Amino acid sequence: MVKSKMKSLISLLSLLSLALRASAQNGIIGFGISMYPDLCCQACHDSLASLYLSCTSFEGHMDHDEMGGMTKRDEGEMTMTGMTSDECRASNKAWLETMAYCIQTNCNADGYPDDKQAQCFASQALGGVSKPTFQQSLPAERPTQELAFDAVWLNETSLVNAKMYFVNHGTLGEFVRSEEYHTKYAVSLIIIFIGTCLLFGITMQIISRVQFRRRVGSNNLSSKIKQHILLPALFPSSRRLEPLPNRAGYIPSRVLTISLTSYLTLNIIFSAVSFRSFQPNVWFLSAGFELCEYVGNRTGTLSLVNLALAILLSGRNGVLVFLTGWNQTIFLTLHRWVARIAVVQLVVHSIVYTAAYFQPGYEGAAAYAQKAAEPFYTWGIAGTVLLCLVVGLAILPIRARVYELFLATHVVLVVFGLVATWYHLVPHFEYQFGYQVWLYIAFAFWGWDHFVRIVRIGVYNHLLGGEGRTKATVEAVPGTDGRIMEITVYPRASRGFGRPGQHSFLSFPGLFWKTKGRVWENHPFSIAAWEGMPGQLNRGRGDLQQHKGLSDKEIETAHTAAAVTTTPRHPGEKERPAIKFLVRAHGGITSLLRQQVLASPSGKRLETAIFTEGPYAGHRATVYALYNADTIVCFAGGIGITHILGFVQEYVKERHGAGGNGDLEDAGESGSDMRMRARRLILAWSAKEMALIQHVRERFLAVGQEGGQRGLEVLLWCTGSPSSKGSAGEEKTEDPGLEVGHSAQRTDTDVQNGRMDIKAVLRGAVELGNRTAVMVCAPGAMADEVTRQTVNCLADGLDVGLVEEAFAW
């Protein structure tokens with residue numbers, strides 16, 4: 001595990017390194033690109049470059065004698081433009097000697113070494129040719145004539161005007177300083193963000209792992225941190241996973257709010273500090289325009305960094321997901337807020353660049369209109385509009401109502417927005433500033449995630465093996481009118497499957513025409529159960545005997561227990577690896593799947609082709625609390641039972657794998673194999689359809705089967721009518737209620753009507769001195785109530801941990 005995490009960390013750092021080196025000039029300003037390493041030399045060049053030489057060519061009929069008599073810039077007298085070529089300069093004595101003397105005197109003062117002076121002379125004075133050399137071009141005597149500040153001609157070896165040199169040197173120096181700060185803050189931002197995620201995630205894993213190995217619970221400090229920071233909502237009575245009224249959005253948890261506020265504050269600070277103005281300025285006619293330029297470049301650069309981070313956080317194969325073990329909902333929350341910060345910075349970038357043309361010395365709307373007509377500026381406006389639409393159209397009501405349309409539009413707008421950003425930057429700035437490197441990083445994050453997804457689809461479906469598509473059976477759960485379906489997938493590769501808490505992304509090529517060719521649509525579904533996976537306790541009699549030295553009778557008991565969460569096979573089905581899902585039909589692809597099942601010849605069972613991306617999640621770091629607990633309490637609401645069932649299956653198998661006597665004291669870690677130590681697992685499930693409850697009890701929990709229930713208690717509630725079939729008119733909100741149910745060893749009449757009293761269930765399970773792990777997978781309101789009651793238990797000094805599986809739109 002440690003080696004694989006190190007490899008993932010190295011992969012992340014390598015990906016960043018490759019992206020940072022993808023620029024033609026090998027880096028970004030301050031890290032591979034130095035804009036003016038020979039600042040003194042550049043200042044000399046810029047102070048003299050506009051002067052006409054005796055070999056300068058002009059358009060028109062003015063002869064050299066007439067022009068040579070002009071010494072000052074006079075717009076009334078001089079309207080023609082001359083062109084001075086590199087060849088002209090390399091052969092002009094006045095130019096060579098004036099440049100050489102300026103470089104020597106000023107670069108010596110800056111501590112610039114002689115060899116570097118010679119190099120920059122060849123570059124700046126000669127245009128890259130090798131002769132005459134720097135030493136050959138130095139005048140024999142010190143020049144005595146200083147050029148006027150507004151000189152036009154350079155006819156003899158002269159001293160560069162001191163004020164002109166100072167202005168050019170200051171202009172270039174301040175611009176470089178500003179650009180270097182842009183890069184420093186950008187690099188700091190991405191390092192701080194990724195580093196904090198890794199530090200926090202890995203530290204929490206280490207603490208949990210140490211507690212697991214030492215079989216100890218939380219100390220007082222860690223309990224207080226969980227009670228006040230890690231678990232609660234922002235305010236004691238506020239919502240967290242339950243949307244705000246009118247689906248206005250979600251309020252992040254307290255720890256996420258603290259993290260996001262800190263990150264927002266960091267962005268504000270980085271966007272607002274380390275600015276200076278240098279006036280008079282060769283490039284900027286006023287301090288206001290100059291500061292607008294610097295602020296615009298800073299916010300534009302930080303926006304690019306945050307766009308790259310937002311793309312990293314949106315991926316399902318990101319290295320951060322594996323290294324931290326956080327669920328996808330956390331990453332999507334971070335993704336949304338980081339993207340919002342990026343777009344706000346982008347808007348500020350656009351506003352300050354617009355405001356710049358209304359500063360003193362500029363012509364306001366006319367100057368702005370002229371600039372906006374340039375292609376790079378037009379692309380920038382387009383990119384801003386597109387990325388604003390990305391965030392504006394990602395509000396919760398749209399995501400929840402038309403998710404497939406939202407997702408497709410979201411991706412298209414992001415792609416076009418990044419393309420517009422590319423054409424805003426690269427054709428205009430080329431590669432001299434390194435701005436494009438941040439786009440390379442964004443492309444690398446996006447490309448890596450999609451590359452891995454394609455590879456996973458190929459591997460888990462044997463697309464190159466010529467064996468045909470992965471098959472699946474889809475069954476309507478009896479009594480639900482197809483609104484709830486059980487999907488059984490027979491993956492062609494089963495490696496990685498077989499852990500509780502996993503989900504998989506499924507796509508349905510068999511519905512190609514029904515989806516109007518939307519082959520990219522795929523959705524995550526929690527894995528409810530698995531069969532025939534390598535490495536499981538039910539692989540065979542020999543494995544069990546070798547594992548614990550069990551007798552034949554104990555092995556038969558273990559095999560019976562293994563069947564507790566195994567769905568009966570249909571006639572003719574071969575014994576092969578299978579994974580099972582319970583799915584509630586909503587709109588989109590699940591609604592189309594329901595229609596196909598109901599339209600099948602049997603009206604209840606359909607065989608179809610399917611693609612799976614293999615297993616996701618199931619990260620051990622997220623469930624250490626479960627494996628270290630004396631008691632596990634699982635709260636499920638509605639179809640959330642799907643996620644919980646895998647843990648029930650694992651618990652039952654492991655207890656009977658330990659000998660069937662419930663003694664799990666020696667069932668700790670064997671190598672890297674974790675075992676649940678709990679003596680008691682309580683499943684408290686509330687659903688509105690009695691038909692779904694019956695189906696799960698019969699086919700997944702196998703209530704009443706001999707030999708499989710020691711230590712497992714199942715408490716059931718039906719919030720709909722006892723005959724509820726899940727029709728739209730009977731749907732109710734699954735909120736916490738009042739009743740406490742009974743153990744699983746009862747008849748169907750013991751399923752309680754009404755809502756679950758979460759407080760009573762939890763308080764009836766926790767004991768002082770025992771470690772209790774609470775798991776919840778339920779609608780937002782129910783999950784929030786479970787969290788509140790868990791926090792209350794911590795406040796009362798009980799050792800309680802929370803494992804949460806949540807999906808927020």
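A residue is called buried under 20% relative accessible area, exposed over 50%, and partly exposed in between (1.4 Å probe, protein chains only). The model is predicted, so local features need pLDDT of at least 70 and side-chain atom pairs count only at pLDDT 80 or more, whereas totals for chains, interfaces and linings use all residues. Residues are numbered from 1 along each chain as its sequence is written, and side-chain values use heavy atoms, with hydrogens and water left out.

A disulfide is a covalent bond between the sulfur atoms of two cysteines; here the criterion is a pair of cysteine sulfur atoms within 2.5 Å. The whole structure contains 3 disulfides. Helices (H or I, at least four residues) and strands (E, at least two) are DSSP runs, numbered from the N terminus.

Cys 44 and Cys 102 are bonded with their sulfur atoms 2.0 Å apart. The torsion about this S-S bond is about -85°, so the disulfide is left-handed. Cys 44 lies in helix α2 and Cys 102 in helix α5, so the pair ties together parts that are 58 residues apart in sequence. Both Cys 44 and Cys 102 are buried.

Cys 40 and Cys 107 are also bonded, with sulfur atoms 2.0 Å apart. Cys 40 belongs to helix α2 (residues 39-48) and Cys 107 to helix α5 (residues 93-109), 67 residues apart. The link is right-handed, with 105° about the S-S bond.

Cys 55 is joined to Cys 88, S to S 1.7 Å. Cys 55 is partly exposed at 34% relative accessibility, while Cys 88 is buried at 6%. With the bonded cysteines numbered in sequence order, the pairing is 1-6, 2-5, 3-4.
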